[in-house]
Amino acid sequence: RLFGILIPAFVSSFLFVNCLSRNLSALDASNPSGFFLSGLLFAHGPLFLAVGVNCSFWTSEDGMTWEAHAQANMPNCGTTSSLNAAAYGNNTYVIVGSLGGAASGCGIWTSNNGIDWKQQACPSGNTTPLMSVEFSSGNNSFVAGGTAPAAGQCPLLVSSGDYTSWSQSF
């Protein structure tokens, strides 16, 4: 099922699409009932990137033919985790989501090729699942947003210039 798509255009606008109950099982031949796709990144870089539940992700060079990648490519991401959104900037892909089980909460991964990923640490004490991420070329940083915590604030995380550390900003 397709939850939402964020397609960054080559202009300064974004297209948001919400297509619940759309069957996209063609991306996952091993699951006859389909899967839950939570984000699709338009190919600003060399790849299209689709992300979903259970740390599932797929890449495509043309948007038509998709290759599924092993969960092992996503460090510390398991079957109760979810990849919610992807972004690309300055030759770097970023996926954000939520970790399940004992490591619940914030999840951030970066990659230079869209296939092999490194987990990045969330700010200390951050257990908020991340739902969106965008690249700011003016600041050479990524900004990720999460769900509202009990205090009602909407947390934002901002990356360092090398995208290996993230700080809370809300």
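Reader: Leaving aside its neighbours within four places in sequence, with which residues is Thr110 in contact?

Author: This is a predicted model. In it, Thr110 touches Thr92, Tyr93, Val94, Asp116, Trp117, Lys118, Gln120 and Tyr163, its neighbours within four places in sequence being set aside. Thr110 belongs to strand 9, and its side chain makes a polar contact of 2.8 Å with the side chain of Gln120.

Reader: Does Thr110 count as buried or exposed?

Author: Buried means under 20% relative accessible area. Thr110 counts as buried because its relative accessibility is 10%.

Reader: How should I read the sheet, and what is the order of its strands?

Author: Strands of a sheet pair through backbone hydrogen bonds, either parallel or antiparallel. Here the open sheet has 4 strands in the order 7-8-9-10, with antiparallel pairing. Strand 7 (82–89) and strand 10 (118–120) have a single partner strand each, so one side of each lacks a neighbour in the sheet. On average, neighbouring strands of this sheet are turned by 30 degrees against each other, direction ignored.

Reader: How many bridges join strand 9 to strand 10?

Author: Strand 9 (residues 105–111) is joined to strand 10 by 3 bridges. Trp109 stands opposite Gln119 in strand 10.

Reader: Which residues have the most contacts inside the largest nonpolar core?

Author: They are Leu49, Met74, Leu83, Ile95, Trp109 and Trp117, in a core of 15 residues. Strand 4 (48–52), strand 7 and strand 8 (92–99) each give two or more residues to this core. A second, separate core of 14 residues includes Cys106, Val133, Ala144 and Tyr163.

Note on methods: Residues are numbered from 1 along each chain as its sequence is written. This is a predicted model: local features need pLDDT of at least 70, side-chain atom pairs count only at pLDDT 80 or more; totals for chains, interfaces and linings use all residues. Side-chain values use heavy atoms; hydrogens and water are left out. Two strands pair if DSSP finds at least two bridges between them. Axes are lines fitted to C-alpha atoms, for helices over the stretch in contact, and angles run from 0 to 180 degrees between N-to-C directions. Buried means under 20% relative accessible area, exposed over 50%, partly exposed in between (1.4 Å probe, protein chains only). A polar contact is a pair of N or O atoms within 3.5 Å; within protein, one must be able to donate a hydrogen and the other to accept it, and residues adjacent in sequence count only if both atoms are side-chain atoms. Contact means heavy atoms within 4.5 Å. A nonpolar core is a set of buried Ala, Val, Leu, Ile, Met, Phe, Trp, Tyr and Cys residues joined through side-chain atoms within 4.5 Å.
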